[in-house]
Amino acid sequence: MEDFLSRVPQILKRAQASAEKIKNLADLERFFDEFLSKKSAVSEFSKNLKNVPADQKKEMGAAVGKLRDALLQIFESLRDQLEAAELTKKLETEWIDVTKNFPIRNGALHPVSQVQEQVEEIFSSMGFEIADGPHIETEWHNFDALNIPASHPARDMQDTFWLQRDGENPNKNFVLRTQTSDVQIRKMLKHGAPARLIAPGRVFRNEDVDASHDAVFYQVEGLLVDKNISLAHLKGTIETMLSRLFEKETVIRFRPGYFPFVEPGLEVDFRCTLCSGKGCKTCKNTGWIEFMGAGMVHRNVLQNCNIDPEVFSGFAFGFGLTRLAMMKYSIGDIRLLSSQKIDFLSQF
Ligand code: DAH
């Protein structure tokens, strides 16, 4: 142990000399291995303290402790310096100018969302509320309340995704809604008449997907119920909407059509905006473009929603928002809209 005491200054000196040569954290690690790790002289001495005669133990213990503290101090102060230097170096080299113009692709609204926003704005300005309903709907709201009972052949017109069937009770059977017409029912049941709303939203059909059919697409439902409402109001509303959307005076025509929830029921076409009715490829030379289903709300539907058909009347309509967007932007394949292809979507 005498031996140890005489070696202390030597070890310290060696440590100081090697500390002066340390340039980076890897050098520092080697320093630690040599002077402070379990293999180091200090650790050896600590381990051997138990063999030191009792009267020398105190002095020796203090000397070992002092040496360890001195070495530790060298190590820690070097570590702090090196880490600070490393950080400074990082800050100097790894920086970016956040004010610089990077070639970032700006996000944009999906074409269907763009048309939806325009349609919403136009109808809002005419006093229509924007309404919404659940995608998972009861059989009753999606069909029965709209005058389409289970036995009705019109059910076959909409290939339906059934989610859960619990026997005959249409309030306990669930579907992915096949049309946004269900929102008419929800709104009239809740707020009665008068009602003036549009309901844009996603609908689901169990369809084979091709260029013009997708299993998920968007519709806009419209409903106006009040006193003395007639088809003339429907005509004025839709012509105003389309003229503003296409930024061009647009006229519509009615053809008889059948939908169980309206009577009379109509198919509505608008005059082709590309050829102004002269005939072109888009309108298949007819001069007209098929646009939507509509009609006067069937009295059964009003009654299902506790509205007196002797007092109130109304019109309803439903058009394909996805189709409208395809028309507006001349998109030929519906599948592109859900493709998430940035190159396609960034054109709009
Ligand atoms: N819900 C119909 C469909 O999906 C569209 C429709 C037709 C809505 C006539 C209406 C309407 O409100 O009166 O095919």
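Biologist: Between which helix and which strand does the loop holding Asn147 lie?
Modeller: The model is a predicted one, in which local features need pLDDT of at least 70 and side-chain atom pairs count only at pLDDT 80 or more, while totals for chains, interfaces and linings use all residues. Residue numbers start from 1 along each chain as its sequence is written, and side-chain values use heavy atoms, with hydrogens and water left out. Helices (H or I, at least four residues) and strands (E, at least two) are DSSP runs, numbered from the N terminus. The loop with Asn147 lies between helix H6 (139-142) and strand S3 (162-164).

Biologist: What is the phi of Asn147?
Modeller: Most residues other than glycine have a negative phi. Asn147 is a residue other than glycine with a positive value, near 70 degrees.

Biologist: Which residue is joined to Pro194 by a cis peptide bond?
Modeller: Most peptide bonds are trans. Pro194 is found in the loop between helix H7 (182-191) and strand S5 (195-204). With omega about 0 degrees, a cis bond joins Pro194 to Ala193.

Biologist: Where is Pro264 placed?
Modeller: Pro264 is joined to Glu263 by a cis peptide bond, with omega about 0 degrees. The place of Pro264 is in strand S8 (residues 262-271).

Biologist: How many residues surround the ligand?
Modeller: A residue is near a molecule if one of its heavy atoms lies within 4 Å of it. The closest are Gln179, Ser181, Arg205, Gln219 and Glu221.

Biologist: Which strands each supply at least two residues of the shell around the ligand?
Modeller: By class, the shell has six nonpolar, eight polar and two charged residues. Here Ala, Val, Leu, Ile, Met, Phe, Trp, Tyr, Cys and Pro count as nonpolar, Asp, Glu, Lys and Arg as charged, and the others, Gly among them, as polar. The strands are S6 (216-226), S9 (288-297) and S10 (313-320).

Biologist: How much of the ligand's accessible area does the protein cover?
Modeller: Among the polar contacts (pairs of N or O atoms within 3.5 Å), a side-chain atom of Ser181 lies 3.0 Å from a ligand nitrogen. A side-chain N or O atom of Gln219 is 2.9 Å from a ligand oxygen, and a polar side-chain atom of Glu221 lies 2.6 Å from an oxygen of the ligand. Of the 360 Å² of accessible area (Shrake-Rupley method, 1.4 Å probe) that the ligand has on its own, the protein covers 91%.

Biologist: How are helices H3 and H4 directed relative to each other?
Modeller: Axes are lines fitted to C-alpha atoms, for helices over the stretch in contact, and angles run from 0 to 180 degrees between N-to-C directions. The axes of H3 (residues 41-48) and H4 (residues 54-93) come within 10 Å and cross at roughly 155 degrees. Angles under 35 degrees count as roughly parallel, over 145 as roughly antiparallel, 65 to 115 as roughly perpendicular and the rest as oblique. H3 and H4 are therefore roughly antiparallel.

Biologist: What is the relation between H5 and H8?
Modeller: Helix H5 (residues 111-125) packs with helix H8 (residues 231-246) at about 135 degrees, the axes being 10 Å apart. The two are therefore oblique.

Methods: Polar contact = N/O pair within 3.5 Å; in protein donor to acceptor, adjacent residues only side chain to side chain.
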